[in-house]
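Please examine the sequence and the structure shown below before reading on. The explanation that follows is meant to be read beside them.

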Amino acid sequence: MQAGDLVGAKALRCASCGAPLKDPTGDLVTCEHCGTVSKVVDARAFLDQIMLQVNAFVRQSLPIGLDSTATATIDPVARHNLWTTSIGPRLSTEYGEYRFRTYNLLSHPLATLPFTLASDVPEGGDPKQAFLFQEKVRSVASLAVDEASRNTVAETTGLAVAYAYALNNAALLRGNRPERYHLMAKNFADAAVAMHGIPRFAGLEARFQGLSKLSEGLDLLTQAKVSDARGALMDALPSLSRAQQVMNSDFDLAVMLQAVNEELSLARAASHLNEAISLDPAGVSAASLLSFQAYLGLLAQHRHVGEGLWQRTFRSTDREARLLQLALEARRAQANAGAVKVAPLPGSVAFPFWVVEAPYSFQTGAAWRKHAVEVAEAVLVASSFPLEPSAMSGADPSTVVTDVFSARERAGLLQRVGGKETTISAGGPVRGLLQGCAPRSLYGLRIVPPLSTSDDALVLAQAYIDASRRKDPSLDKQLKLSSPRVVDLVYLPLAPVPPGGPLVPALGALSPRSVGDPNHFPHFFL
Ligand SMILES: [Zn+2]
């Protein structure tokens with residue numbers, strides 16, 4: 001090892017994150033990894049400071065009288081002994097800590113949708129320290145003479161560097177700087193390079209490559225450069241799938257499998273989003289980008305709803321991916337490149353509704369003539385119900401559904417005694433409307449993209465049925481309900497701003513009273 005290896009030809013380092021800097025052309029230099037602009041003199045001073053610490057480490061690690069510049073001249077056996085008795089044990093303790101922290105960080109998904117902060121990525125950890133550790137290991141690398149110790153050096157430096165870049169990205173994921181995806185792409189690309197050629201980290205190399213492409217695609221998407229974004233997003237999928245495959249049969253990296261699954265789902269969601277933005281009816285992708293910004297902002301808010309009722313479905317990892325897929329299907333129908341189920345109504349804005357089938361049986365007739373009647377009832381649930389406070393709080397779920405149970409026309413007493421009741425609900429008009437629904441284009445209409453998944457709709461429907469039973473004891477006594485299930489998503493063309501009358505005039509008294517706060521809608525109409 002030469003003295004020059006330690007101090008002379010080193011690249012300058014960013015005083016903020018510790019990453020190597022490009023050769024500066026003027027007095028200032030910008031870090032490609034964290035975006036910090038610093039004076040060249042400060043970067044040089046920082047590098048000197050790092051090298052002082054590295055030299056101190058070398059002096060402490062080597063026997064007294066042995067100069068770090070002389071290690072390359074001692075014979076291999078002596079070097080090997082130095083490694084196994086002194087250097088190796090010192091490094092392995094510190095490496096163990098880095099490994100633990102790295103695996104912990106990497107067991108979280110390191111990606112997020114645009115306009116969304118990843119608040120659950122763990123905080124803490126200083127990339128500068130990780131880079132310093134890398135330099136320490138490098139400074140004694142010439143003492144690693146056999147294959148095993150050389151592998152240790154490669155693994156240790158590789159992981160320290162990958163950890164440093166991942167820490168940079170964890171910080172970027174928690175904030176919303178406009179250039180964050182650009183910086184993330186660079187950090188991930190260099191993390192992949194750091195993993196290259198280390199067999200036990202092959203899965204990580206593929207993961208970082210995929211994440212770099214995903215970040216690059218999202219950087220382009222957030223600038224409405226949809227056709228360039230498409231290519232990068234498509235490239236992310238095979239790398240992330242390869243990472244998933246490798247980790248599936250890799251005991252060591254298996255703790256990251258769930259995170260990679262989520263990153264894959266996010267990469268698919270990003271592709272859906274990009275295509276949906278590209279299908280702007282007026283051909284102005286930047287306009288669609290703004291609508292989707294408002295839409296994604298709402299989805300991000302809903303993810304943090306603390307209420308017990310919604311915790312399970314709203315926090316589901318693939319929720320945004322499923323909703324964006326539905327939004328894309330609607331968008332394709334709007335562009336005449338696909339079809340969704342649409343009700344024959346005259347409005348100009350297509351509102352999505354979940355169709356929930358609630359099969360039930362009830363007892364009718366008196367005494368010895370009592371018998372059970374089976375009925376299949378359909379309830380419409382406004383997919384935008386997360387924008388209606390009374391539905392979200394559980395106070396009154398009936399506001400956002402076709403309230404078939406309280407609108408029922410009660411059968412006369414004579415009929416009941418005679419056992420002639422055929423229904424205790426009143427969903428006739430809903431069933432009529434559904435019969436008229438057919439796959440159609442949404443061309444010329446504006447769209448409200450779905451704000452709830454079928455799982456959310458099921459929770460809402462169950463809450464509605466429970467509330468109906470509590471409200472009406474006679475219904476509760478008669479009703480034997482089998483589990484409701486979601487069977488379809490239909491679009492109802494309605495007036496953009498609700499008029500004075502029912503929201504869905506065709507349903508009369510059965511019309512849902514709300515599809516959510518109307519003040520929200522114009523922001524994310526598509
Ligand atoms: Zn930096």
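The model is a predicted one. In the domain assignment, the protein chain is divided into domain 1, residues 3-276, and domain 2, residues 302-524. Taken over C-alpha atoms, the centres of domain 1 and domain 2 are 50 Å apart.

The next subject is a pair of helices, α6 (residues 180-195) and α7 (residues 202-221), whose axes come within 8 Å of each other and cross at roughly 165°. Angles over 145 degrees count as roughly antiparallel, and α6 and α7 are therefore roughly antiparallel to each other. The crossing in which α6 passes α7 is left-handed. From α6, the contact includes Tyr 181, Met 184, Phe 188 and Met 195. From α7, the residues that meet α6 include Leu 204, Phe 208, Leu 211 and Leu 218, and among them are also Glu 205 and Asp 219. By class, 12 residues of the contact of α6 with α7 are nonpolar, four are polar and three are charged.

A second pair consists of helix α2 (residues 40-61) and helix α4 (residues 127-139), with axes that come within 9 Å and cross at roughly 45°. This angle makes α2 and α4 oblique to each other, and their crossing is right-handed. Here Ile 50, Gln 53, Val 54, Phe 57 and Val 58 of α2 meet Leu 132, Glu 135, Lys 136 and Ser 139 of α4. The contact of α2 with α4 comprises five nonpolar, two polar and two charged residues.

The last stop is Ser 452, which lies in the loop between β7 (446-447) and α16 (454-471). Is Ser 452 buried or exposed? A residue counts as buried if 20 or more other C-beta atoms lie within 10 Å of its own; Ser 452 has 28 such atoms within 10 Å and is therefore buried. Leaving aside neighbours within four places in sequence, Ser 452 is in contact with Ser 383, Phe 385, Pro 386 and Ala 457. Ser 452 and Arg 319 are 133 residues apart along the chain, and their C-alpha atoms are separated by 8.5 Å.

Notes: Residues are numbered from 1 along each chain as its sequence is written. This is a predicted model: local features need pLDDT of at least 70, side-chain atom pairs count only at pLDDT 80 or more; totals for chains, interfaces and linings use all residues. Domain bounds come from an automatic or database domain assignment. Axes are lines fitted to C-alpha atoms, for helices over the stretch in contact, and angles run from 0 to 180 degrees between N-to-C directions. Helices (H or I, at least four residues) and strands (E, at least two) are DSSP runs, numbered from the N terminus. Angles under 35 degrees count as roughly parallel, over 145 as roughly antiparallel, 65 to 115 as roughly perpendicular and the rest as oblique. A crossing is left-handed if the near helix is turned anticlockwise from the far one by less than a right angle, and right-handed if clockwise. Two residues are in contact if their C-beta atoms, placed from the backbone, lie within 7 Å. Ala, Val, Leu, Ile, Met, Phe, Trp, Tyr, Cys and Pro count as nonpolar, Asp, Glu, Lys and Arg as charged, and the others, Gly among them, as polar. A residue is buried if 20 or more other C-beta atoms lie within 10 Å of its own, exposed if 12 or fewer, and partly exposed in between; C-beta atoms are placed from the backbone.
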